[in-house]
Protein chains: 2
Amino acid sequence: MTSQDQGRGGGEDETRGQGRGRDQDRGRGQDQGQGQGQLDRGQEREQQGLHARLLASLGPAITGGAYPPGTVLRTDELERRFEVSRTVVREVVRVLESMHLVESRRRVGVTVLPTEHWNVYDPQVIRWRLAGADRPRQLRSLTVLRSAIEPVAAGLAARLATADQCAELTQHALGMVATSRGQQLEGYLVHDMAFHRVILRASGNEMFARLGDVVAEVLTGRTEHHVMFTDPDPAAVTLHVQVAEAVRTGDAPRAERLTREITTGAMAELDILAP
Amino acid sequence: MTSQDQGRGGGEDETRGQGRGRDQDRGRGQDQGQGQGQLDRGQEREQQGLHARLLASLGPAITGGAYPPGTVLRTDELERRFEVSRTVVREVVRVLESMHLVESRRRVGVTVLPTEHWNVYDPQVIRWRLAGADRPRQLRSLTVLRSAIEPVAAGLAARLATADQCAELTQHALGMVATSRGQQLEGYLVHDMAFHRVILRASGNEMFARLGDVVAEVLTGRTEHHVMFTDPDPAAVTLHVQVAEAVRTGDAPRAERLTREITTGAMAELDILAP
DNA sequence: CAAGCCCATAGATACGACGTATTCAAGAGT
DNA sequence: ACTCTTGAATACGTCGTATCTATGGGCTTG
C-alpha cells in the first residue's frame, strides 16, 4: 500500500533512522515544542523567528567584511552551522540577494558580491554597517548625504510645512536649547533627531522623508562617538532655532542656508573637507 | 461542520464554493512543461525562475496600487492564483517583506503596508513604481532628489575626479553636443546618462554613486515622457560642457552652481516649484 | 594538447506534516 | 450586564524529503 501513515500520532517507525543522524544534533522539533523556548526567549534578546535570527547573523557578517567579496557560502554548510533548516537558509539567502549582498548560482553556491553592488540605501544594510567595523566610513558617507539633502529639504519645508509641523519644529528647537547645557545629551539628542525628522517630513518629498531614520542613526552615532562629555556647540543650537524660525516665516532661502551651515558643521566634526 | 479533516492536500471538502483552482494539485511538475495556456509565459522569456516571475507579478501590482494598503493576501491564495508552490510564495513574500512592502503576520496573512513604510530607495521598487500608475509623481520625487544630490556630487567631483574621469566627462559632454540636433535623442540620452553617472561616481561617495541607476531611469523616463520630437534645450547642453570644464579645472563652486542650474531646469520641465 | 561528452553536484522547486502564535468568541466569574 | 479567561480555529513558520535542472569539472577521444 502506498500510504504510509498520514496520522503522525501512531508510528515512531524506524524509517526515520536516517533522518535521526541529522536530527540528533539539535532535536529541533521537540526542543522548540517544549516550554524551553519560552525560557530562552524570556532571557535573551527577542528573536521572533529563525529567519530573523539567521539574517541578523549573516547580514552583519557580510557587510562587516567577515566574508570578503567572492567568498562562496554553501547552503548546506549554513544549514549545519546555524542549525536551521534548508527553508530558513533559502529564504534568508533570497532576502540577501534582494539587497544585492550575495548572488546565488547553481552548482556554485551563494557568492558574496563586491561592495559596489550592495544596496546601500537599505535601512537594514545601513544599520548593519553602522554596527560593524567600517562605522566611521559609513558615518562620513551618510553625513555627506545629509549635507546634500537637508538644506534642500529645509527650503521645501519652509514653503510647505503645516502649522502643526512649524509648532513641532519650534518646540524641538526650544527643547534643544533647554538641554544644551549641563550634561543632558540624551535629551538633546532626542530633540535633535525629532527636529531633523520633522524637517524631512515637512519637505513633502517621500524620498527625503524616508531618510529620517538614517539621520537619526547618524546623530546617535555621532553623539556616542566623540563626545558624551562636552555640551553641544552653542552655535549649532542657535542655528536650529533660526531654522525653525525661517521655516515658520516661510523664508525658504534662509532656511536652506542655515541648514547648510548646520550640515557643514556636522561635516567639520568628522574632518570632512567642506566645499 | 467542525474539524473533520485536517489534511489539506488530500481533502476535497473545500468549503469554497468556487471550483476554480482545483486543477492545481494535479501534476505540478508536469504542468510547467505543458504550458497550460492560462498564463502567457511563452512571451516573456526573461523568466529564469518561478521566484523571479512571481516577484515580477506581485511587486508592480503592490507598488502600482492594485492592492491598497491594508489588503490581506493569503499565501495559499497566491499559491493557487499564480500556480506556484508554497516555497516560492514564501520566498517572494520574504523579499517583499524586506522591502517593507508587506508584513506577514500569523493568523492574519500577508498585509500590504502603507506607502510610508516602503523602502523607496530600493532600485527594484523604484523601477516598479516608474513602470506603474504613479510614474509622474515618482518622477517628480526623484527629480527633486536629483536637485539635492547632483550639485553637491559635482562639487565633490571637481575636487576628487581622476584624470580618466575628467576625460570621460568631457567626452560625454562633447557627445551631447554632437547629438543635440537632428532627432538623435537616443544617442543624446546615452551620453546624458553616462555624464551624470560619471559625476556621481567621481564624487567619491558611495551613496551618491549608487544613485547613478536612479538618475538614468529618470532621464529615460523624462525623454520618453514629453518629447521624442523636440531637440534638447541648447542651454542645458552648454551647461553640461561647462560642468565638465569646471570639474576638469577643479572649480568646485562653479561645478556645483552649474549643476544646480541643470537640475533646476529639469525641475522646471516637470512644473516643480523651484527654490 | 585541445575539444567535446558524461556525470557528479548543488541549488531550484515542490509538497506534505507538524508547530505555534494570534485572533475571535464562547463561557465563567464578579 | 460587563469583564476576564480560556478554548478552538486558522494561517503563517519551520522542517524533511524528493525530484528536477543547470553547470562545472573530469574523462575520453581525435
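R90(A) and E91(B) form a salt bridge, with their closest N and O atoms 3.0 Å apart; the term asks for a side-chain nitrogen of Lys or Arg within 4 Å of a carboxyl oxygen of Asp or Glu. Between chain A and chain B the count is 8 salt bridges. The model is a predicted one, so local features need pLDDT of at least 70 and side-chain atom pairs count only at pLDDT 80 or more, while totals for chains, interfaces and linings use all residues. Side-chain values use heavy atoms, without hydrogens and water, residues are numbered from 1 along each chain as its sequence is written, and chains are lettered from A and ligands numbered from 1 in the order in which they are written.

Now step back to the whole interface. Here 40 residues of chain A are in contact with 40 residues of chain B (heavy atoms within 4.5 Å). On the side of chain A that touches chain B, α8(A) gives the largest share, 12 residues (helices are DSSP runs of H or I, at least four residues, and strands are runs of E, at least two, numbered from the N terminus). By class, that side of chain A has 19 nonpolar, 9 polar and 12 charged residues; Ala, Val, Leu, Ile, Met, Phe, Trp, Tyr, Cys and Pro count as nonpolar, Asp, Glu, Lys and Arg as charged, and the others, Gly among them, as polar.

How are the two chains related? Chain A superposes on chain B by a rotation of 180° with 0.0 Å of shift along its axis, at an RMSD of 0.1 Å (least squares on C-alpha atoms of residues with pLDDT of at least 70 in both). This is the relation of a two-fold axis.
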